[in-house]
Amino acid sequence: METIEKTKKFRDPIYGYIEIEENIVHDIIDTATFQRLRNVRQTSYAPLYPSSLHNRFVHSLGVYYLGGLASDAIERSLKFNAEKGKKVLGNLQDLFEDDFFRYKGLFKLACLLHDVGHAPFSHTGENFYLSSKSQATFISQEVLKRKQEEMKAKIKREPDIEKKKRISKELEETEKYSIYKHLTYLTADPVFEKPSAQDAAAHEIMSCIVALETFGQDERYFKNDGERSFFARCITGLQYEEAIEVKKEKYLNLKREQQNSVYQKMLLNCLIQLLHSSVIDVDRLDYIIRDASTMGYQSVSVDYRRLLSGLEVVLTDDFNFTVGFHKNAISVIENAVYAHDNEKKWIQSHPAIIYDSFLVQQAIIYIENQIRKDYPKAVATLFSYDSLTDEGIRMTAAKRNDIHIRYLGDADIIYLMKNVYSSPYAEEYFNRNTRRLPVWKSETEFRNLFNKDERETLINAFEIIMTNISGCIDDSFEITEDETPGNICNDIESSKQADIPARVEAFQKKLEYVESLLALCDKYGIKNVMLLSKAFFKSNFSKTTVNKLPILFPDSDRRSKLEDVSSTLKSEQTGNEKLIYLFYRPAKNREKINVSEFSKELLERFRKN
């Protein structure tokens, strides 16, 4: 007789009651590791939508709930295909019935824990994980010792001095911490050190690390490295390459056992796509519904039940299958993609939100730099695995107060910004009266002010201004009358001394543009100009993965894609065109400038240079 597991109910404003097994509630959700998410805001939209105060905790419960609906739908699809005896798909149920139940549980666990390592302040802080330092073990001591001995022996044997230096640098890299090495150590899967792993967001890698460090040795949830790897693949979206679009000739040359292994991984790829996809997944589905509801933003309605009940395992040819949708879900697919486009274009790209995130990011950079100076012996950085743990990080130094950070959340950063490491950026963040204003407030206004050729002229000038000494274009650039021209003159002189004529010319051009912009600002009585760059909005309807989404018509042998059956899913590609916001500090009484006049004059001045 099958045992019915006891559950606990969580009241959710979107889905009603979410039921979760009591053991998962007690052993995972009630732990401080998971409860930390109550103190990590889901979005950075509060400057625009003050009611957008929901957190990663409730979002994670929502993704777990939707993950259950999605995986149930896939299981139903497998059973249906088995009953009908369909080629390839009909065999999956018999091949992997026991394993599928096991992997379905791991998938749902990944849904619950997919954000457990998320940084504070939504996505603003997560890239600090990439340069994090940690005292966590990320490589076995046996392997590390063997590598060290091998490289030291190579250095000793190598007569060439330059090659000795290269080998020494390799040795340093071997010993250096990285989140990718850490995750590879926890899963024993080298895929997480490959370049493809860097496509995953930093918070996804850290979430895998926190989850596996905390729960990875619990045999109720993970039996082996293979299961730990699958769990991490679900969160990061790294599919099994050997099971993607397998060629007929390659498949037929495999032994039966190898063929079964390929099909099992193909099925696991289907589960991975349910949580991490470039089209529609349960993570994205929860946040587009929850964000709109919490903000009060009037977006399109997304019938998540109809959408997820329409999930199917669909053949793409005689040997490959993937996740697709039943024809009845097409209207909801369109709504879901449109709702995500809406949020991305009109909310995420709003200058108030972009500028607010910039202030926080600059304040964090200032804090991290000061901590390095004040606590040079610190074994971990502020944004690290260590700061998310119960033990946390304790920074000590002579003549400095100790800093102890554990379960890092938004409030910790706010405290440091207010009370320990205040900066002009932090003060501007807290006091909205001092904030800069954007000249143009949206991509549509920018397009209205300037035609394509004019935009190219303007963006070219801005990019020259934003080019640094290394020749790279920064995402932001602050211009002040007192410092910026002098700094550029210094760059010109250093370029002359280095005898690099092209760089001298580039910085001279930069100086001309900056002086023209400052003269215009002086005319309009404004100062402290800031440039912030972002790519033009690109609709998800333009994605190949959306257009190629398999659609199942049960009574038809035709293998249809979304673009074949839905004429409304069209979007014009905008290429790689950029939008650069120009922010300024207004004159007395926060008076705004005449945008049209300022923009015309700015364009004319840049054309003359």
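**View 1. A pair within helix H3.** Lysine 79 and glutamate 75 both sit in helix H3 (residues 56–84), four residues apart, or about one turn of the helix; helices (H or I, at least four residues) and strands (E, at least two) are DSSP runs numbered from the N terminus. The model is predicted: local features need pLDDT of at least 70, side-chain atom pairs count only at pLDDT 80 or more, and totals for chains, interfaces and linings use all residues. Residues are numbered from 1 along each chain as its sequence is written, and side-chain values use heavy atoms, with hydrogens and water left out. The two side chains meet in a salt bridge (3.9 Å, N to O), defined as a side-chain nitrogen of Lys or Arg within 4 Å of a carboxyl oxygen of Asp or Glu. Lysine 79 is partly exposed at 39% relative accessible area, whereas glutamate 75, at 19%, counts as buried. Buried means under 20% relative accessible area, exposed over 50%, and partly exposed in between (1.4 Å probe, protein chains only). A network of salt bridges links Asp72, Glu75, Lys79 and Lys104.

**View 2. Two further salt bridges.** In helix H12 (residues 282–295), aspartate 286 and arginine 290 are four residues apart. Their closest N and O atoms are 3.0 Å apart, and both residues are buried. Aspartate 318 and arginine 559 form another salt bridge (3.3 Å, N to O). Aspartate 318 lies in the loop between strands S3 and S4 and arginine 559 in the loop between S10 and S11, so the pair ties together parts 241 residues apart in sequence.

**View 3. An open sheet of four strands.** The strand order is S7-S12-S9-S8, with antiparallel pairing; two strands pair if DSSP finds at least two bridges between them. S7 (437–438) and S8 (476–479) stand at the edges with a single partner strand each, so one side of each is left without a neighbour in the sheet. Two bridges join S7 to S12 (residues 578–585), and seven join S9 to S12. Proline 438 stands opposite phenylalanine 583, while serine 533 has isoleucine 580 as its bridge partner. Six of the eight residues of S12 are buried.

**View 4. Phenylalanine 462 and the largest nonpolar core.** Such a core is a set of buried Ala, Val, Leu, Ile, Met, Phe, Trp, Tyr and Cys residues joined through side-chain atoms within 4.5 Å. Among its 182 residues, Phe462 is one of those touching the most other members. Helix H4 (residues 89–113) gives the largest share, twelve residues. Beyond neighbours within four places in sequence, phenylalanine 462 contacts residues including Trp440, Leu531 and Phe606, contact meaning heavy atoms within 4.5 Å.
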